[in-house]
Amino acid sequence: MDFRYTPEQADLKARAAAYARLLMRYEDQSEEAGGPLPSATVRELTRAAIEAGVYAINMPAEWGGAGLTLLDQVIVEEEFGKVTNCLWDIPWRPANVLAHGTGEQREKYLLPVIRGERFDAFAVTEPGAGSDPGSCTSTATRTDGGWLLNGEKWFVTCGDIADFLLVQADAGPERAATLFFVDKRAAGVEMTRVPRFMHSAVNGHPEFTFSDVFVPDEDVLGGVGNGYELTKEWFTDERLMIAARTVGAAERALELARDWAVERRQFGSPIADFQLIQGSAYTHQVAWEADQPHTDRKTLHAKASTAKLAASEAAGRVIDRCVQIFGGRGYDRSYPVERMYRELRVDRIWEGTSEIQRLIIANELIKRGTRALALPGA
């Protein structure tokens, strides 16, 4: 396929890059504060993202989102990935599966998120169930008018700022994986801990416990028993966005390293450049395929895993070399390359570890062969 940017995509990339440069002005402030920015600053940056057309990029324009294709979203996220401290969380990207809600659910939950008035968070990981959502132990028990939710969720990205959670739990005696809307203020919901991680992110990844939390029937998303498929759909998009952001981060790191080393003539990394080009091209290809009708969703899930694995692993190698080029300053938190070194490490863990991605890819290869994961024409 020809992935040269259309004039519209070139404009989109320029707008995303300009907004990313705006976020970069706040990197040092975020780092010095240990992550969070003042709420007034976040509101200003949110308004700027909406005005730039880079907020809620995965939601239809008729609902107030930017209405971008998945390929266009990848173009935006590559620029956002150049920003440290996870400041790319400010131009919010609602969970894609919120689009499957009923009209009432859309009015109550999704539209306020698109307007920047509320925030969602996806709660799937548990102490004993990380990259495999099929091994979750949280339960939902039938009760009059709804469900009683019990369980524990870890690493709920942005759960500290979220107004409501999408919680995956096994419903009824059949243990049918199901997604539930859960108001964070509901009785029985407790945010038990906000761990301190290696990187200083603008938002946290807290842990939650749910003790007999009542969820009415109207707050089931997509029907009972469809939770696992919806979670896989969410993973597919999130893994592609991680692939895009890691490519963007590595590109910025290479630019910084080149600028730093240009007078010494010590830097040259054709292998790293080649790996990044490969990772970027594959990510664009998979995003384009996802936008096409009748694409096989199971193969797409494996391809997203391939994109995430290739891009995140390559980016880790690139940033390690870039830190080395900076020498002692590469170990100084006031330099972006140091922050990238810490922040890119988690991309090989969250939304599915590299090991899990390899298992997904291997299973797809066993079932469908190498051509299923190849680029068209390869």
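The exercises below, each with a worked solution, concern a predicted model.

Residues are numbered from 1 along each chain as its sequence is written, and side-chain values use heavy atoms, with hydrogens and water left out. Local features need pLDDT of at least 70 and side-chain atom pairs count only at pLDDT 80 or more, whereas totals for chains, interfaces and linings use all residues.

**Exercise 1. Identify the buried residues of helix α5 and the elements they pack against.**

Solution. Helices (H or I, at least four residues) and strands (E, at least two) are DSSP runs, numbered from the N terminus. Helix α5 spans residues 103-114. Apply the burial criterion: buried means under 20% relative accessible area, exposed over 50%, and partly exposed in between (1.4 Å probe, protein chains only). The buried residues of α5 are then Gln105, Tyr109, Leu110, Leu111, Pro112, Val113 and Ile114. Next, apply the contact criterion, heavy atoms within 4.5 Å. The buried residues of α5 pack against β1 (120-123), β4 (164-171), β5 (176-183) and β8 (220-221). Finally, inspect the backbone just after α5, where Gly116 takes a positive phi of about 80 degrees.

**Exercise 2. Describe the surroundings of Arg342.**

Solution. Locate the residue: Arg342 belongs to helix α9 (residues 336-345). Its relative accessible area is 6%, so Arg342 is buried. List its contacts: leaving aside residues up to four places away in sequence, Arg342 touches Glu31, Met198, His199, Ser200 and Arg333. Then test for a polar contact, a pair of N or O atoms within 3.5 Å; within protein, one must be able to donate a hydrogen and the other to accept it, and residues adjacent in sequence count only if both atoms are side-chain atoms. The side chains of Arg342 and Glu31 form such a contact at 3.0 Å.

**Exercise 3. Determine how strand β2 pairs with β3 and with β4.**

Solution. Two strands pair if DSSP finds at least two bridges between them. Strand β2 (residues 139-143) and strand β3 (residues 146-153) run antiparallel and are joined by 5 bridges. Within this pairing, Thr141 has Leu148 of β3 as its bridge partner. The hairpin of β2 and β3 has 2 residues between the strands, and Gly145 there takes a positive phi near 85 degrees. Turn to β4: 2 bridges join it to β2, and these strands run parallel. Ala140 stands opposite Ala171 in β4.

**Exercise 4. Characterise the largest cavity and the largest pocket.**

Solution. On a 1 Å grid over the protein atoms alone, a cavity is a set of points where a 1.4 Å probe fits but cannot get out; a pocket is an open set with protein on both sides within 12 Å along at least five of seven lines, and lining residues have an atom within 4 Å of a point. Grid points are joined across faces, edges and corners, and a volume is the space filled by probe spheres set on the points.

The count is 1 cavity of 30 Å³ or more. The largest cavity has a volume of about 140 Å³. Of its 14 lining residues, the closest to the centre are Gly81, Trp88, Glu343, Leu344 and Asp347. The elements giving two or more residues to this lining are α6 (227-261) and α9.

For the largest pocket, the volume is about 810 Å³. Of its 37 lining residues, Phe155, Thr157, His205, Trp350 and Glu351 are the closest to the centre. Elements that give two or more residues to the lining of this pocket are β1, α6 and α9.
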